[in-house]
Amino acid sequence: MSPVGSQRKRFIAGAVCPQCGVEDRTYVLVAASGQSRHCSDCAFSESLADLPEPDSAEPVGAWEPVKLLE
Ligand SMILES: [Zn+2]
């Protein structure tokens, strides 16, 4: 196993692998293409593309910044 620089690995505390049943071995890989869940003990992998993304984007043009002119 070699680490991939463009991906971030995040272990999930208390998570149990649905394939081998081992606790604290599953982790989430965050990549530009999306997130996926993996197990470091077996070959389990699952795409997390179904997760809803947080809608934090402000609508552009809905408001105008107020400029204070002297
Ligand atoms: Zn596993």
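Leu-29 touches Gln-7, Lys-9, Gln-35, Ser-36 and His-38, leaving aside residues up to four places away in sequence; two residues are in contact if their C-beta atoms, placed from the backbone, lie within 7 Å.

Residues are numbered from 1 along each chain as its sequence is written.

Leu-29 is found in strand S2. Strands (E, at least two residues) and helices (H or I, at least four) are DSSP runs, numbered from the N terminus. Is Leu-29 buried, exposed or partly exposed? Leu-29 counts as partly exposed, because 17 C-beta neighbours lie inside 10 Å. The cut-offs are as follows: a residue is buried if 20 or more other C-beta atoms lie within 10 Å of its own, exposed if 12 or fewer, and partly exposed in between, with C-beta atoms placed from the backbone. The C-alpha atom of Leu-29 is separated by 9.5 Å from that of Leu-48, and these two residues are 19 apart along the chain.

Let us now consider the chain as a whole. It has 4 strands and 0 helices, and its pattern along the sequence reads β-β-β-β. How are the strands arranged? They form an open sheet in the order S1-S2-S3-S4, with antiparallel pairing. S1 and S4 are the edge strands, each pairing on one side only. From one strand to the next, the twist averages 25°; here, axes are lines fitted to C-alpha atoms, for helices over the stretch in contact, and angles run from 0 to 180 degrees between N-to-C directions. Two strands are said to pair if DSSP finds at least two bridges between them.

I take the pairs in turn. S1, residues 8-11, and S2, residues 26-31, are antiparallel and share 4 bridges. Within this pair, Arg-8 stands opposite Val-30, and Phe-11 faces Tyr-27.

The loop between S1 and S2 contains Asp-24. Asp-24 is not a glycine, yet its phi is positive, at about 60°. For context, most residues other than glycine have a negative phi. Asp-24 has 14 C-beta neighbours inside 10 Å and therefore counts as partly exposed.

Next come S2 and S3, the latter covering residues 34-39; they run antiparallel and are joined by 6 bridges. The hairpin from S2 to S3 passes through 2 residues. Val-28 has Arg-37 as its bridge partner in S3, and for Leu-29 the partner in S3 is Ser-36.

Ser-36 leads us on to the last pair. In S4, the bridge partner of Ser-36 is Ser-47. S3 and S4 are antiparallel and pair over 3 bridges, with a hairpin of 5 residues joining them.

Beyond S4, the following segment holds Ala-49. What is the exposure of Ala-49? Ala-49 counts as exposed, because it has 10 C-beta neighbours inside 10 Å. Its C-alpha atom is separated by 7.4 Å from that of Ser-36, a residue 13 positions away along the chain.

Two totals complete the description. Of the 70 residues of the chain, 4% count as buried. Among contacts in the chain with a separation of 6 or more, 14% are between residues 24 or more positions apart.

Finally, a word on confidence. pLDDT is the predictor's confidence in each residue, from 0 to 100. The chain averages 81, and 71% of the residues score at least 70. Among the elements of the chain, the lowest mean pLDDT, 90, belongs to S1, and the highest, 93, to S4, which spans residues 45-47. Where pLDDT is low, the predicted coordinates should not be read in detail.

Terms used:
Predicted model: local features only at pLDDT ≥ 70, side-chain atom pairs only at ≥ 80, totals over all residues.
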